[in-house]
Amino acid sequence: MTDDQRDQRDEREREVREGRGKVGGVAVGHFSGGAIATGDGSRAEDRSERIGQGDGQGAEQGSGPVVVPQSVPEDGGVAVGAMSGGAVATGPDAEAVYASRQLLSASPELLAAVRLLRQQLPLLARTEGDGLDRCEGQLAELEEEVVRTGRAERGRLVRLRALLTGGATTAGGLASAIAVVQAISGLLG
């Protein structure tokens, strides 16, 4: 940012604080999660946790055209054409928090592959830095989550797939590890 841009920004902020300037607003065509906050001292946070399909194209996406607001509201206003999740707050010290997680329905194939890989890991010779302990921990947490809820948290699946495919563990070459990766990829889309 140049000195001129900083000066302009500082002047706009000063005008707004003194009531002489206008705060811009936000216009969104489609909002399917997240958080928006406008206003002096406002705060937005997205701690999302959604249950749905792995491809991100679940029912919340809608099937028809999205109405896009024709203008951006002034004075910190927010215009949303379509909103199927998220949080919006406006005004001084406004706070918007969206706190949902994306959970995917776990397939029986995933659970079977995880259990088989967990059975095979103790048979591997251990060396320092082989990643097997980390892999075992991730698999145990995933199995427990799937057995308890029938679902798996998207981030956990992404991390486990990366662990098994990124060369971080000697287990990645096992046929059962490949089956886990394939099952995870099927869920994530």
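## A walk through the fold, ending at helix α5

The accessible surface of this protein comes to about 11,100 Å², and carbon and sulfur atoms account for 48% of that area; such areas are computed by the Shrake-Rupley method with a 1.4 Å probe, and for residues only the protein chains shown count as cover. Please keep in mind that this is a predicted model, in which local features need pLDDT of at least 70 and side-chain atom pairs count only at pLDDT 80 or more, while totals for chains, interfaces and linings use all residues. Residues are numbered from 1 along each chain as its sequence is written, and side-chain values use heavy atoms, with hydrogens and water left out.

Let us begin with the overall layout. The protein has five helices and seven strands; here helices (H or I, at least four residues) and strands (E, at least two) are DSSP runs, numbered from the N terminus. Along the sequence, these elements follow the pattern α-β-β-β-β-β-β-α-α-β-α-α. Of the 189 residues, 30% count as buried, where buried means under 20% relative accessible area, exposed means over 50%, and partly exposed lies in between (1.4 Å probe, protein chains only). A contact is a pair with heavy atoms within 4.5 Å. Among contacts between residues at least 6 apart in sequence, 73% join residues at least 24 apart.

Next, have a look at helix α3, which covers residues 132–149 and contains E143. E143 is buried, with a relative accessible area of 14%. Leaving aside residues up to four places away in sequence, E143 touches L111, V114, R115 and R118. A140 also sits in helix α3, but A140 is partly exposed, at a relative accessible area of 26%. Between A140 and V114 there are 8.4 Å in space, C-alpha to C-alpha, and the two are 26 residues apart in sequence.

That brings us to helix α5. Which residues of α5 are buried? They are S176, A177, V180, V181, A183, I184, L187 and L188. Seen down the axis of α5, these buried residues fall within an arc of 165°, so they line one face of the helix; the arc is that of the directions from the helix axis to the C-beta atoms. That buried face packs against β6 (103–105), α2 (108–120) and α4 (154–165). On the other side of α5, A175, Q182 and G186 are exposed. After α5 comes G189, with a positive phi near 85°.
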